[in-house]
Amino acid sequence: MNTALFVCLASVLLSVVRCEKSVIEAPMDSGAASTQCGEVELGFAQEAHLSSSGKAPKGFYSLLISAVGDAPSDCKFRHLCVDVVDSRMEFCYAKVHISGKRFEKEDTRAEMGCGKTIPEEWCTNSQFLEVSVIEKASYTGTSGYGFNITVSSKCKDSDVDKEELVDDFVPIDLEEAVNQARIIGVIVAVCLACIFLVTLTLTYFWYRNKKDTGFRQAS
C-alpha cells in the first residue's frame, strides 16, 4: 500500500516538474499536440513557442494560453506579449489571429498574413490569449507558409493594450500572379507576331516596287 502511494506521488511530482519548464513548445501543425502537457498555462517566468510549417489540421487550429502564477511585487500591470521571431506569410495562404480575452472589455485583436503584420512586441492586459491559424479554402499545400511566435509575460506601467495593425506590404497571390504572367506573355507574343507581319509586308512591297521600277527602266 505504501509502495503504491509512493509511486503515485512520484508520478504527480514528475508531471508538475515537466509542466513547469521555462520554455513550452507548442507546434500548430497537423498531428501535433498543443503542448507536451496538454494545456498551455504560462507562468510569469515562462515562454511559449508557437510554430507552424504550413499545414493546420483541417485548415484550422486554435490554441488558448492562460497566464497563471503571481507576478513580481513591483509589477504594476502584467501583460501577455507576442513577439514574431520569423514568418513566411507573404503569400495569402493563411492568417494568424491573436485575441486577448477578458470579461470587462472587448477583445484585443491582432492579425498576421495577407498584408497584415503584428506590431513589434504586441501586448495585451488579458489573462487569456487565443492564437488561431486559418487557411485559405483553396490551399492544399503543406509548406506554403510558416511562422515562429514567442508569447511571454511582461510588466508594463499601463493597462492600455496595443491594438494597432500594421500594413507594410501588399500580399502576393501566387495564382493571380501566374495568370497575369500568362496574359502578359500572350500579349507580347501577339505584338511580336504583328510586328513580324508588318515587317514582312513592307519588305514584300519594297521588293515588288523595286522590281517594277527596274522593269520600267529596262523598257
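Let's begin with confidence: the chain averages a pLDDT of 76, and 74% of the residues score at least 70. Here pLDDT is the predictor's confidence in each residue, from 0 to 100. This is a predicted model, in which local features need pLDDT of at least 70 and side-chain atom pairs count only at pLDDT 80 or more, while totals for chains, interfaces and linings use all residues. Residues are numbered from 1 along each chain as its sequence is written, and side-chain values use heavy atoms, with hydrogens and water left out.

Helices (H or I, at least four residues) and strands (E, at least two) are DSSP runs, numbered from the N terminus. Over residues 33-38 the pLDDT is below 50, and this stretch has 15 contacts in the model beyond near neighbours in sequence; contact means heavy atoms within 4.5 Å. Where pLDDT is low, the predicted coordinates should not be read in detail.

Now look for the open sheet of five strands, which has the order β1-β3-β10-β5-β8 and mixed pairing. Two strands pair if DSSP finds at least two bridges between them. At the edges stand β1 (23-27) and β8 (122-124); each has a single partner strand, so one side of each is left without a neighbour in the sheet. From one strand to the next, the twist averages 25 degrees. Strand β1 runs parallel to β3 (residues 47-52), and five bridges join them. As an example, A26 has L50 in β3 as its bridge partner.

Next, find strand β6 (residues 94-101), which pairs with β7 in the antiparallel sense over five bridges. The two form a hairpin with six residues between them, and V96 has M112 in β7 as its bridge partner. Why is β7 (residues 108-112) described as largely enclosed by the rest of the structure? Four of its five residues are buried, meaning under 20% relative accessible area with a 1.4 Å probe, protein chains only.

Strand β6 also holds S99, which is buried with a relative accessible area of 5%. Beyond residues up to four places away in sequence, S99 touches D107, T108, R109, F128, L129 and E130.

Finally, the unreviewed UniProt entry annotates residues 183-207 as "transmembrane region"; such annotations may be inferred rather than shown by experiment. In the model this span is 100% helix and 0% strand, and its end C-alpha atoms lie 36 Å apart.

Technical notes: Buried means under 20% relative accessible area, exposed over 50%, partly exposed in between (1.4 Å probe, protein chains only). Axes are lines fitted to C-alpha atoms, for helices over the stretch in contact, and angles run from 0 to 180 degrees between N-to-C directions.
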